[in-house]
Amino acid sequence: MAGALRTDLRTARVVAAVEVRRSVRAVLTDRRQLLGFALLVAAFAPVAVLVASGSYVAGLRVGGGTDLPVVTLARAQVTAWLGSLTALFGLRMVERAGDIDHADLLLTTVRPRALVTGLLLAEYVRMLAVLGPPMALVVGAFAYGAGTPLLLPVAVLGVLPLLAVALLGGATVGYLLRIGYRRVGVGSGTRTVLGVSVALGLFLWLNAAAPADPFQFAASLRPLAAVPVGAYADLLLVPGPVSVTPGPASLVAVVVLVCTGTVLLVATWRLAVVVWYADPPAGGPGDATGRRLARAPLPGVPGIGTGTTLREVRWLWLRGVRSPSRFVHLLYFVFLTAPTAQVALAHPRSPALPVVVAVVGALLAGGTFGLNPLGMAGTVLPSVLTTPSPGRQFVRPRVLAGPLLWVPPTLVGVVVLGWYGHLTLTEAALLCVFAVVLAAFSSALAVALGTFSPRFEPVTAFGGVETATPTTPVLLGHTLGTGTAALLGLATVFVPALVDAPPFVGRGTVLAQLVGLGAWTLLVAVVAVFCYRYSVGRVETFVYE
């Protein structure tokens, strides 16, 4: 028994090394992923500086003798982080449980126990690569401010067992969810909707219920300090600026973590086998989405290039209804605009709320059908590219499909919220025109970026959905371009109304707003026409690499 376990652990180490090398190689050989990673680092660098500064200030306060309940807060944080990371890794493992990346390993003579352990080790390394640097930055800034540099290595090493237990808990939760979904008969489409709804509901609830002050938020978690595992924080604070002496409670916390981790590891060995060898294949007879698509007509029958533009727009809408998982990337816009929407909802009569609705509507108008048009065409693309002059026949429906779908509800939201927020009739009319022009520009820009950098290979997105999502540079470029155009339009159209000096007084204000709106519309129209012509030319000359 011990020999077999030792052999499985050696095999697991080899499997983990292979999986990690595969992941690193996939990232380093893809320039688009490297560019997206660089853009993400640049985008979150200010946030990292802000968080590190706050941690450094907290360390200065604690090191200077400020009376803060550090031990109680740390115990609560251990419990909170353990629970939240378990839920996060559970969502992650729901998608990794059916990942085809390790399907070839299932056909070998490797024991399932060794394979499970190896995949978990590989996921643990990936998790450390993602979470390790931010945690080290925060703890290092706090330790530097408190004047206790030894706190950094002790805390980093002490957190490793917590992350391991959280990963094992997430894997167990993920496998149980997959088995439960199969027993109930939930298809991949319904499973995705449920996962997205739960995640979005938790995100909105946390944003609405959590106090804005981080210290107040940390204080609200104090009841979690009573959980036995919370005393594990005493071991992490031994070299810290506060005097902490680990006692029997800390020993109990260590025993709880070790026992829990062992039980969860054995559970993953059992559950993973059930998931791997009993799950129906994706899109197969047991998949609800696959059954619906099997009954659907062939995608080329309605005809890209065989009917009018509006007919092809309706065909795009119909494909979207039949396969909603292809729009999982729209969650990016939801999470991106959630903080702004939360501030606006806190002041419902503020004129900022209809502006937020206009900008979000424009982002959705461009992002729904335009960010990866070539990749979303799927098997229809070869027949499209072989038709005479396919550029305009392919681009026009994708430029129009998003605005025709999102502009009407956006205008209704702008008018209703503008009336509730006491906007004048002139301001509401200008904002409606602004929303329509911005949506058209966003759609043209999205199609241009999507044709410039398409993605044909399905990737595993949120909730375990495998679809050809837009690339990260395209998402960021579309958001940045649309946001820049929106800020420029708001400045040229509504700033004159805030200037109480000639010529921006009385009728001169309205005239200045109309002139600004016209100039801004002309500018974005020129850029949109350039994007449209580029998209047409790109499709006309497109060849598979």
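View 1. At 5% relative accessibility, Asp-8 counts as buried, because buried means under 20% relative accessible area, with exposed over 50% and partly exposed in between (1.4 Å probe, protein chains only). Everything in these views comes from a predicted model, in which local features need pLDDT of at least 70 and side-chain atom pairs count only at pLDDT 80 or more, while totals for chains, interfaces and linings use all residues. The side chain of Asp-8 meets that of Arg-113 in a salt bridge, at 2.6 Å from N to O. This pair links distant parts of the chain, with Asp-8 in helix α1 (residues 2-28) and Arg-113 in helix α4 (residues 112-146), 105 residues apart. A salt bridge here is a side-chain nitrogen of Lys or Arg within 4 Å of a carboxyl oxygen of Asp or Glu, and the helices are DSSP runs (H or I, at least four residues; strands would be E, at least two), numbered from the N terminus. Arg-113 is buried as well, with a relative accessible area of 15%.

**View 2. A salt-bridge network of Glu-19, Arg-22, Glu-123 and Arg-126.** The structure holds 4 salt bridges. One of them joins Glu-19 to Arg-22, whose closest N and O atoms are 3.4 Å apart. Both residues sit in helix α1, 3 residues apart, about one turn of the helix. Is Glu-19 buried or exposed? Glu-19 is buried, with a relative accessible area of 2%, whereas Arg-22 counts as partly exposed at 28% relative accessibility. Now look at the side chains of Arg-126 and Glu-123, which meet in a salt bridge at 2.8 Å, N to O. These two are 3 residues apart in helix α4, so about one helical turn separates them. Arg-126 and Glu-123 are both buried.

**View 3. Helix α2, with a bend at Phe-44.** Helix α2 (residues 31-63) has 33 residues and reaches 45 Å from its first C-alpha to its last, close to the 48 Å expected at 1.5 Å a residue. That expected span is 1.5 Å times one less than the number of residues. Buried residues of α2 include Gly-36, Ala-52, Ser-55 and Gly-59.

**View 4. Thr-482 and Ser-442, in contact with each other.** Thr-482 is found in helix α18 (residues 472-494), while Ser-442 has its place in helix α17. Thr-482 counts as buried, at 0% relative accessibility, and Ser-442 counts as buried at 0% too. The side chain of Thr-482 reaches the backbone oxygen of His-478 at 2.9 Å. Beyond residues up to four places away in sequence, Thr-482 touches Ala-362, Leu-363, Leu-438, Phe-441, Ser-442 and Leu-445; contact means heavy atoms within 4.5 Å. Which residues does Ser-442 contact, leaving aside its neighbours within four places in sequence? They are Ala-362, Leu-363, Gly-366, His-478 and Thr-482.

**View 5. Helix α13, largely enclosed by the rest of the structure.** Helix α13 (residues 352-367) has 16 residues and reaches 22 Å from its first C-alpha to its last, close to the 22 Å expected at 1.5 Å a residue. Of its 16 residues, 13 are buried, so α13 is largely enclosed.

**View 6. Leu-176, a partly exposed residue.** Leu-176 is found in helix α5 (residues 151-184) and counts as partly exposed at 47% relative accessibility. Leu-176 and Thr-268 are 92 residues apart in sequence and 9.4 Å apart in space, C-alpha to C-alpha.

**View 7. Confidence along the protein, with helix α10 lowest.** The mean pLDDT, the predictor's confidence in each residue from 0 to 100, is 76 for the protein, and 72% of its residues reach 70 or more. Confidence is lowest in helix α10 (residues 288-295), at a mean of 40, and highest in helix α17 (residues 425-452), at 90. Over residues 279-307 the pLDDT is below 50, and this stretch has 36 contacts in the model beyond near neighbours in sequence.

Key: Residues are numbered from 1 along each chain as its sequence is written. Side-chain values use heavy atoms; hydrogens and water are left out. The bend at a residue is the angle between axes fitted to the seven residues ending there and the seven starting there. A polar contact is a pair of N or O atoms within 3.5 Å; within protein, one must be able to donate a hydrogen and the other to accept it, and residues adjacent in sequence count only if both atoms are side-chain atoms.
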